[in-house]
Amino acid sequence: MWIQKQIRLKPRNRGFHLVTEEILSHLPELKSLNVGLLHVFIQHTSAGLTINENADPSVRQDFESYFNQAVPENQPYYLHDDEGSDDMPAHLKSSLLGCSLSLPISNGRLNVGIWQGIYLCEHRNQGGSRSLVLTLSGE
């Protein structure tokens with residue numbers, strides 16, 4: 001079985017946001033798979049995806065603090081600044097984190113660790129809603 005859907009996540013403020021349940025709400029078909037893969041791709045160059053801690057909100061705050069220090073705004077060496085001071089840093093952060101995830105499916109559920117969740121990594125101050133392509137395959 002192969003299923004592909006394009007969905008839009010609700011707009012979020014800059015930061016790291018758990019979106020696992022929002023994504024899964026669009027995939028009732030996942031429950032029918034014994035074994036498979038879910039591929040999640042974000043169609044944007046200023047936001048990313050990652051898997052990490054799904055329980056303690058301080059982890060998400062620490063991620064934001066780290067990336068803001070590692071990739072600061074308003075640097076004199078940035079040439080691409082037409083869309084504001086958060087634009088080029090957002091592109092760099094997106095490349096560092098990546099634009100896709102592949103997640104195993106076992107017995108109708110994501111086979112991830114108990115403390116793992118899917119993060120939308122929103123790097124723009126006003127990024128708006130984000131489009132994802134979800135590709136589900138398995139049997």
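Trainee: In which loop is N107 found?

Mentor: N107 is found in the loop between β5 and β6. The model is a predicted one, in which local features need pLDDT of at least 70 and side-chain atom pairs pLDDT 80 or more, while totals for chains, interfaces and linings use all residues. Residues are numbered from 1 along each chain as its sequence is written, and side-chain values use heavy atoms, without hydrogens and water.

Trainee: Why is N107 called exposed?

Mentor: Exposed means over 50% relative accessible area, buried means under 20%, and partly exposed lies in between (1.4 Å probe, protein chains only). N107 has a relative accessible area of 65%, and is therefore exposed. Beyond its neighbours within four places in sequence, N107 is in contact (heavy atoms within 4.5 Å) with L33 and N34.

Trainee: What makes E73 partly exposed?

Mentor: Its relative accessibility is 21%, so E73 counts as partly exposed. E73 is found in the loop between α2 (57–70) and α3 (87–97). Apart from neighbours within four places in sequence, its contacts are R14, Y78, S85, D86 and P89. E73 and G84 are eleven residues apart in sequence, with their C-alpha atoms 9.3 Å apart in space.

Trainee: What makes β7 mostly covered?

Mentor: Six of the seven residues of β7 are buried.

Trainee: How do you know that β4 and β7 pair?

Mentor: Two strands pair if DSSP finds at least two bridges between them. β4 and β7 are joined in the antiparallel sense over seven bridges, with G48 opposite C121. Strand β2 (residues 15–18) also runs antiparallel to β7, over four bridges, and here L18 stands opposite Y119.

Trainee: What makes β1 and β6 edge strands?

Mentor: Five strands form an open antiparallel sheet in the order β1-β8-β3-β5-β6. β1 and β6 each pair on one side only, and they are the edge strands. Within this sheet β3 and β5 pair over seven bridges; V40 has L101 in β5 as its bridge partner.

Trainee: Which residues have the most contacts inside the largest nonpolar core?

Mentor: They are I23, L38, V40, L132, L134 and L136, in a core of 22 residues. The set is called a nonpolar core because it consists of buried Ala, Val, Leu, Ile, Met, Phe, Trp, Tyr and Cys residues joined through side-chain atoms within 4.5 Å. Among the strands that each supply at least two of its residues are β1 (2–9), β3 (35–42) and β8 (130–138). A second, separate core has seven residues, including F16, F63, L97 and C121. In soluble globular proteins, nonpolar side chains tend to be buried together.

Trainee: How many residues line the largest pocket?

Mentor: There are 19 lining residues, of which T20, E21, L24, R109 and L110 lie nearest the pocket's centre. A pocket, on a 1 Å grid over the protein atoms alone, is an open set of points where a 1.4 Å probe fits, with protein on both sides within 12 Å along at least five of seven lines; lining residues have an atom within 4 Å of a point. α1 (20–24), β6 (109–110) and β7 each supply at least two residues of the lining.
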